[in-house]
Amino acid sequence: MTAKPTKTALPTAAVSLPAPAPLPGTGKPPELSGVNSLFLAGPFIQLLDPLTGRMPADAQTPFTVLIDHFEAQGLTVHNAHRREAWGAELMHPEVCTRIDQDEIRKADVFVAMPGHPASPGTHIEIGWASAFNKPIVLLLEKDREYTFLVQGLHTVATVQYVEYTDIAEVLPAVDTALRRVAACHRGAADQAR
C-alpha cells in the first residue's frame with residue numbers, strides 16, 4: 001500500500017524582513033554579498049501549447065516576474081525557458097541537459113517551482129542543486145500537495161519554502177528566503193573552514 005502524500009507544515013519565509021540598504025555599486029543587499037547568480041527552474045515542456053509549441057503568456061508570467069525582479073537586484077539569472085525562447089527554440093535533450101546541469105553547478109543559489117503536477121525535469125534539477133550543495137528556495141503553490149522528498153528536502157539541504165498564489169505578491173517573502181539561504185549557506189561554509 002502506497003502512502004498518500006499529506007499536507008505538512010513546511011518551514012516558510014512567509015514573514016518578510018525589511019530589506020537592508022544595498023551594497024554600494026551593486027544594488028544588492030549585504031546578505032547577498034557573494035551571490036551573483038541564480039538558476040531559476042520550473043515546469044517547461046508540460047506548459048507548452050501543443051498547437052504553437054510555445055508557453056502561453058500566462059504560463060510565462062511567474063518566470064518573467066521573477067527574472068525581472070532578480071535582475072533588478074543585480075543578479076544574473078540562468079533560466080531554460082528564456083534561453084529556449086519560451087519553447088520557440090527548444091534544444092535537443094543532449095544539449096539542454098548539459099547546459100542546465102552546468103548552469104546549476106555554477107549558480108550561487110537555486111530557485112525552483114516544482115510544479116503541480118510535478119515537473120519531472122524540475123525535480124531532477126532540484127536533485128542536482130541538492131547534490132551540488134546549493135542554497136535552495138522552493139516556491140510552492142498554496143493548497144497543493146508535493147512529494148515527500150520536496151517536503152523533506154530541508155532536512156538534507158539548505159532550503160527555504162515560500163508558498164504563493166500569485167508570485168508577484170510574495171516577492172518580499174522570496175527576497176527574505178533568498179537572504180536566509182544565502183546567510184545559512186555562508187555560515188555553514190565558514191564553519192567548515
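**Pockets and a buried strand**

Colleague: What does the lining of the largest pocket have by class?

Modeller: It has 13 nonpolar, seven polar and three charged residues. Ala, Val, Leu, Ile, Met, Phe, Trp, Tyr, Cys and Pro count as nonpolar; Asp, Glu, Lys and Arg as charged; the others, Gly among them, as polar. This is a predicted model, where local features need pLDDT of at least 70, side-chain atom pairs count only at 80 or more, and totals for chains, interfaces and linings use all residues. Residues are numbered from 1 along each chain as its sequence is written, and side-chain values use heavy atoms, without hydrogens or water.

Colleague: What volume does the largest pocket have?

Modeller: About 470 Å³. A pocket is an open set of points on a 1 Å grid over the protein atoms alone, with protein on both sides within 12 Å along at least five of seven lines. The volume is the space filled by probe spheres set on the points, which are joined across faces, edges and corners.

Colleague: Which residues line this pocket closest to its centre?

Modeller: I45, C96, D100, G121 and E125, out of 23 lining residues. Lining means having an atom within 4 Å of a point.

Colleague: Which element gives the most to that lining?

Modeller: α4, with six residues. The elements giving two or more are β1 (37-41), α2 (80-83), α3 (93-106) and α4 (120-131). Helices (H or I, at least four residues) and strands (E, at least two) are DSSP runs, numbered from the N terminus.

Colleague: What about the second largest pocket?

Modeller: It holds about 220 Å³. Of its 13 lining residues, P43, L47, P62, E141 and Y164 lie nearest the centre. Helix α1 (residues 57-72) gives the most, four residues.

Colleague: Why is β1 called largely enclosed?

Modeller: Five of its five residues are buried, so the rest of the structure largely encloses β1. Buried means under 20% relative accessible area, with a 1.4 Å probe and protein chains only. S37, F39 and A41 point one way, L38 and L40 the other way, and all are buried.

Colleague: How do you know that β1 pairs with β2?

Modeller: Pairing takes at least two DSSP bridges. β1 and β2 (residues 76-78) have three, in the parallel sense. S37 stands opposite T76. β1 also runs parallel to β3 (residues 109-112), with four bridges. There, F39 has F110 as its bridge partner.

Colleague: What makes the β1, α1 and β2 unit right-handed?

Modeller: The test has the strands pointing away from the viewer: the path from the first strand over the helix to the second must run clockwise. β1, α1 and β2 make a right-handed β-α-β unit.

Technical notes. On a 1 Å grid over the protein atoms alone, a cavity is a set of points where a 1.4 Å probe fits but cannot get out, and a pocket is an open set with protein on both sides within 12 Å along at least five of seven lines; lining residues have an atom within 4 Å of a point. Buried means under 20% relative accessible area, exposed over 50%, partly exposed in between (1.4 Å probe, protein chains only).
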